[in-house]
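Here is a short briefing to read alongside the model. Have the viewer open, and let's go through it topic by topic.

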Amino acid sequence: MFDEIRKSIQWGQETLTLETGKVARQADGSVIATLGETSVMANVTYAREPKPGQDFFPLTVHYQEKYYAAGKIPGGFFKREARPTEKETLTSRLIDRPVRPLFAKGFKNEVLVMCTVLSHDLVNDPDIVAMIAASAALTISGVPFMGPIGAARVGFSNGEYVLNPEVQDMDNLKGNPDQRLDLVVAGTRDAVMMVESEAYELTEEEMLGAVKFGHEQMQPVIDLIVELAEAAAKEPFDFQSPDYSELYARVKSLGETDMRAAYAIKDKGERRDAIEAAQVKVREGLTEDELANPNLGSAMKKLESGILRGDIIRGGTRIDGRDTKTVRPIDTEVGILPRTHGSALFTRGETQALCVTTLGTGDDEQIIDALHGNFRSNFLLHYNFPPYSVGEVGRVGSPGRREIGHGKLAWRALQAVLPTATDFPYTIRLVSEITESNGSSSMATVCGSSLAMMDAGVPLKAPVAGVAMGLILEDEANWAVLTDILGDEDHLGDMDFKVAGTEKGITSLQMDIKVQGITPEIMEKALAQAKDGRMHILGEMAKALSEGRREFSAHAPRIETMTIPTDKIREVIGSGGKVIREIVETSGAKVDINDDGTIKIASANADSIKKAYEMIHSIVAEPEEGKIYTGKVVKLVDFGAFVNFFGKRDGLVHVSQIAGKRLNHPNELLKEGQEVKVKLLGFDDRGKVRLGMKMVDQETGEEISEPKRESADAE
């Protein structure tokens, strides 16, 4: 019934298996990839004809995690998988970015790639397995895909690169001092296509070595996919890249002069208007058949690309007049919003990010429900890219893949310099509002967020800056690396290479290319040039702020931590939470209690924190023998007075210990509700507290060395 084909290799510490022919047989390509006991099914389908008038390549990649893969039931009310999680969105992007440039030029048929996690062993991350499965499914589907690609995850521990570290090692680099890198690399047999990383101040040489290591380690995977394809691939789809050379010649003759003049304009808005006017003029000169040609958009883009790229390759001059290494003018401001906890406005050329820091408590931590378990995050970064930032109208809704991806890139760049939770017990939320954009708003987010956190008083280990590099690649001999690329250079260039870090090293690197791979020589040049750009930007940022402020905003909460024995937690919480509610209501502070006995007390009012601290301390602390306390008389009896002196602890002041004279009854000197100073004398055989008053000066609270006995005459 099934024509099943299975291929396996030993890859690192695990067995990697690719199988096809048994499941999802109506898809154009279906492969189940298994690493260890983590399995991902990738299914590829594609349309045989492009939609009429379509002038772009509609590739859609969906990665989805099923909770049953880890033996879990989804949380929430409906108990089924709903909207994509952040991990699913980011992994969809990881798969999309390296495969998109490898489709045949001019192919505009709709393609759908769906990757479904079927099993997760909690050791091997399914994202790498999904990338391999998708590559294999595309390769055997018959779609004009110039792959395959391989993928690998690289760690860096104790000076050595590690292939495919376990999930728990990568989950929280901050809590693992031996692990300094989480890098995902994808590529073909000859070149690297995509890099995504989170690092702890690695040098350029260490980062380049990690990329090379990953590329070497993925070669057996590429060989395995080729072996599978030789046995299972379908007939290639009959597709020939369209020849629109005649149409391009017409477009060039009609519009080159006006388009070249448009690209000589330095202002983005004016340049955009001039480009649109040149395009309108070209269309007016074309025939109806030429206007109906589906390759008209490609011909227009080729004209623009040729002008921009040619000027850079021939003369090294870019459309805004810069050379290839110069960063645009930078302006930085901090503390611009009066009621926020920290704020910064970072402007680089025509790209601007308004970044805001908010400090919260443990209640504000994000609870993340992942396949491999639930965990909490106390560092959040949200990136917003409204249409007005590029002078356009458009839909405004929930964050898209771009917003999530750019926000995560900035998050990765900054997490390496955050203080530990024990040193800085706050939840940190950053919001980056992109108010202008003309190239690399994600790196502007890194710079602005670093400043905003320092403005809020977050003690960063070092400021972080980021810069986006570009590439114009005509052939092996003619290429140029560009520092701080513009939007047009990103759109018409061959690479978007983002590097963020401190003065000491790289904290995040992301690379996407539009050609079929780049060489180590180009990557090494880009890293070196990016370091120069990063150092320049850090210098400009230091003009506004070089380290965290010593004082918090008046509107930010203060948090004080204390640790209590775990067996005292129940006493602080009380039956049904009665005690903790009373502490919160009485003090006005917010109190968070962790299972390990750590208590965080938060309030913008220092007196509230002090009051809550004292109330908790009085519950968990034990009174010390020989120490003097202030108490209140709660009951008088013939033989003495009961005094509440330590939280809810009462003790007896015997009638003989009240004064330095004989008393017939305590009511001769005391009354209920009276405040008194008492000394803890000790505990009797039954554990009862013994207190004394006569050895304490009731006015000053100081101990009297020899209590003076009053004479009968004085009485």
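This is a predicted model: local features need pLDDT of at least 70, side-chain atom pairs count only at pLDDT 80 or more; totals for chains, interfaces and linings use all residues.

R250 is partly exposed, with a relative accessible area of 28%; here buried means under 20%, exposed over 50% and partly exposed in between, with a 1.4 Å probe and protein chains only. Residues are numbered from 1 along each chain as its sequence is written, and side-chain values use heavy atoms, with hydrogens and water left out.

- The contact between E290 and R250 is a salt bridge of 3.0 Å, N to O; the term stands for a side-chain nitrogen of Lys or Arg within 4 Å of a carboxyl oxygen of Asp or Glu.
- E290 sits in helix α8 (residues 288–292) and R250 in helix α6 (residues 245–262), so the bridge ties together parts that are 40 residues apart in sequence. Helices (H or I, at least four residues) and strands (E, at least two) are DSSP runs, numbered from the N terminus.

- Which salt bridge brings R309 and D494 together? Their side chains meet at 2.7 Å, N to O.
- R309 belongs to helix α9 (residues 296–315), while D494 is in the loop between α12 (487–492) and β20 (495–501), so this pair ties together parts that are 185 residues apart in sequence.
- R309 is buried at 10% relative accessible area, and D494 is buried at 7%.
- Shared partners link D320, R322, R328, R348 and D484 into one salt-bridge network.
- Across the whole structure, the search finds 37 salt bridges.

**A negative surface patch**

- D267, E270, D273 and E276 gather in a patch of negative charge on the surface.
- Such patches are made of residues with over 30% relative accessible area and no salt bridge; like charges are joined within 9 Å, and nonpolar side chains (Val, Leu, Ile, Met, Phe, Trp, Tyr) within 5 Å.
- One member, D273, lies in helix α7 (residues 268–285) and is partly exposed at 47% relative accessibility.

- An unreviewed UniProt entry places a "binding site" feature at D490 and D496. UniProt positions follow the numbering used here, feature names are shortened, and annotations may be inferred rather than shown by experiment.
- D490 is part of helix α12 and is partly exposed, with 27% relative accessibility.
- The unreviewed entry also places "domain: S1 motif" at residues 626–694.
- In the model, that span is 0% helix and 52% strand, and its end C-alpha atoms lie 14 Å apart.

**Backbone details in the loops**

- Where does the cis peptide bond lie? G147 and P148 are joined by it, with omega about 5°.
- P148 is in the loop between α2 (126–141) and β7 (150–157).
- K79 is not a glycine, yet it has a positive phi of about 60°. The loop between β5 and α1 holds K79, which is partly exposed at 47% relative accessible area.
- N158 is likewise a non-glycine residue with a positive phi, about 55°. N158 lies in the loop between β7 and β8 (160–163) and is exposed, with a relative accessible area of 65%.

- I73 lies in the loop between β5 (59–65) and α1 (86–99), and is exposed at 67% relative accessible area.
- The C-alpha atoms of I73 and L371 are separated by 9.9 Å, although the two residues are 298 apart along the chain.

Notes
Accessible areas come from the Shrake-Rupley method with a 1.4 Å probe; for residues, only the protein chains shown count as cover. Lys and Arg count as positive and Asp and Glu as negative; His and the chain ends are not counted. The place of a charge is taken as NZ of Lys, CZ of Arg, CG of Asp or CD of Glu.
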